[in-house]
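Learning to read a protein model goes well as a conversation.

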Amino acid sequence: GGGVFMPAVFRYVPSFLENQQDWRYRMAGLMAISQTGEGVSKEMRKHLAQVVELILPRLSDPHARVRWAALNCIGQMCTDFGPLIQRNHHAVLLPALAVSMSPEREPYVRVRAHAAAASINFCEHAEAEMIRPHLGVLMTQLQGLMQCGQRRGTEQAITTVASLSLAVGKDFQVYYAWVMPFLKTIIGASRLKEERTLRGKALECISLVGMAVGRDAFRQDAHEAMDMLLASQREQEEGAADSDDATINFIHSACGRICRVLGEEFVRYLPGVLPTLLRSAGLKPDMKVETEDDLDDGGFEGMQTVQVGDQLVGVKTSELEEKATACNMLATYSAELKGGFFPYVEQVGTVVKPLLQFWYHEDVRSSAIATMPSLVHSAREYAAANAGTVDHSVVKQVFDFTYNDLLDAVEKEHMSDLQAQGARAVGQCVEACG
């Protein structure tokens, strides 16, 4: 157990880390710390201060691979030991990560990008007050990395900026004035096939920064961003995008976040975003079915597998992800836009109802369940807002449209958390119907 293993770590790893003759020993020591943290985390928690002291000097190691491994170790520990390590060691970890992003200190963009990636691991379990004192120096280094001229570095810096903005919220407003124009420039300039991930990450970052700073600060840029997103969507539809291109997922998710920020102001964009979203939600992913006797080790590459009886069903992962993202966005729009979503209730419900029993992906079913009561609420809000011209019976019509399918799905659902979600959704439909 950990009580036996940790003393051995402190006995042998320091000598590996201090070996100046062969960098591979120092890298192996850092990898040992990472693996130990995953394996005996309960015992290592008692010694975090000692472990951090072992790692930090290696950020200045003369060999780039050792510096990379030290950053990888920090990122792994921020994930494994959050929020404890963030709470107790933010004062040393964040400045160290910022220095590792500095071109004066680190000549290799790949290592600087890894420092930015480790900062995301830190932010995932950190409170804003831990990050706030270090935000300025982090953003200074990220600005340089965003403009480093290498796509790998720029992509990672953009992703880290998005993570920081979400972590600190409205405190990010001071950086908004230079971040937003830069992201829009990236989107406008990234037209090549190999730049589509960069473009997608920039779109994602715009929407996350907008959520962080809020509607008042983001409103004007939000509408401009939606024009960019819809233009990107049209390019996807008109071009010959391959099935593994993740750009459409970036577009769907970014639109959903902007919807949350703009609220009812987003209704105007529904005619532009819904057709593509419904096509993605209605995708019939490529599937492969094999019995255990016929199983081919390489037959399910790029697929997610589900056991159905004595058969193993493989479903193409990229298409599943696109379908799940689209369903999640339909749930978001129907919940956020309420009465403004009513003109699309029947169209969306027709696509989503069969997905209540889409057994190959639980997130698809969860989103479909969440959408059902939102459709009834949408009808109720619409009827209330148009009481003089719309009869309240429209709410009962939408209830009848959703209720039986939802109830049938709950009865057949085999996952307890989705059964519970479905039961709550049934009650919400009844409540919304009044």
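The dialogue below starts with the whole chain and then turns to single features.

Q: Before we start, what kind of model is this?
A: This is a predicted model.

Q: What share of the residues is buried?
A: Of the 434 residues in the chain, 53% are buried. Among contacts with a separation of 6 or more, 71% join residues 24 or more positions apart.

Q: How are two packed helices described?
A: Two packed helices are described by the angle between their axes and by the distance between those axes. Take helix α2, residues 23-39, and helix α5, residues 64-80: their axes come within 9 Å and cross at roughly 10°. Angles under 35 degrees count as roughly parallel, so α2 is roughly parallel to α5.

Q: Which residues make the contact between α2 and α5?
A: On the α2 side, they are Trp-23, Arg-26, Met-27, Leu-30, Ile-33, Ser-34, Gly-37 and Glu-38. On the α5 side, look for Arg-65, Val-66, Ala-69, Ala-70, Cys-73, Gln-76, Met-77 and Asp-80. Sorted by class, this contact has nine nonpolar, three polar and four charged residues.

Q: Which residues have the most contacts inside the largest nonpolar core?
A: That core has 136 residues, and those with the most contacts inside it are Ile-33, Met-77, Ile-131, Phe-266, Tyr-333 and Phe-341. Helix α5 gives the most to this core, with nine residues.

Q: What does Phe-341 touch?
A: Let's set aside residues up to four places away in sequence. Phe-341 then touches Leu-270, Leu-274, Tyr-333, Ser-334, Val-348, Leu-375 and Ser-378.

Q: Is Phe-342 buried or exposed?
A: Residues under 20% relative accessible area count as buried. Phe-342 has 18%, so Phe-342 is buried. Phe-342 lies in the loop between α16 and α17. Beyond its neighbours within four places in sequence, Phe-342 is in contact with Ser-378, Ala-379, Tyr-382, Val-394 and Val-398. For a sense of distance, Phe-342 and Lys-46 are 296 residues apart in sequence and 55 Å apart in space, C-alpha to C-alpha.

Q: What does the side chain of Lys-353 reach?
A: Lys-353 sits in the loop between α17 (345-352) and α18 (362-385). Lys-353 is buried, with a relative accessible area of 16%. Its side chain reaches the backbone oxygen of Phe-401 at 2.8 Å.

Q: Which backbone oxygen lies 2.8 Å from a polar side-chain atom of Gln-233?
A: The backbone oxygen of Gly-272 does. Gln-233 lies in helix α13, residues 215-238, and is buried, with a relative accessible area of 4%. Apart from residues up to four places away in sequence, Gln-233 touches Ile-251, Gly-272, Val-273 and Thr-276.

Q: What can I look for in the backbone itself?
A: The peptide bond from Gly-82 to Pro-83 is cis, with omega near 0°. Pro-83 lies in the loop between α5 and α6 (84-100). Lys-338 has a positive phi of about 45° although it is not a glycine. Lys-338 is found in the loop between α16 and α17 and is partly exposed, with a relative accessible area of 41%.

Key:
Residues are numbered from 1 along each chain as its sequence is written. This is a predicted model: local features need pLDDT of at least 70, side-chain atom pairs count only at pLDDT 80 or more; totals for chains, interfaces and linings use all residues. Side-chain values use heavy atoms; hydrogens and water are left out. Axes are lines fitted to C-alpha atoms, for helices over the stretch in contact, and angles run from 0 to 180 degrees between N-to-C directions. Helices (H or I, at least four residues) and strands (E, at least two) are DSSP runs, numbered from the N terminus. Angles under 35 degrees count as roughly parallel, over 145 as roughly antiparallel, 65 to 115 as roughly perpendicular and the rest as oblique. Contact means heavy atoms within 4.5 Å. Ala, Val, Leu, Ile, Met, Phe, Trp, Tyr, Cys and Pro count as nonpolar, Asp, Glu, Lys and Arg as charged, and the others, Gly among them, as polar. A nonpolar core is a set of buried Ala, Val, Leu, Ile, Met, Phe, Trp, Tyr and Cys residues joined through side-chain atoms within 4.5 Å. Buried means under 20% relative accessible area, exposed over 50%, partly exposed in between (1.4 Å probe, protein chains only). A polar contact is a pair of N or O atoms within 3.5 Å; within protein, one must be able to donate a hydrogen and the other to accept it, and residues adjacent in sequence count only if both atoms are side-chain atoms.
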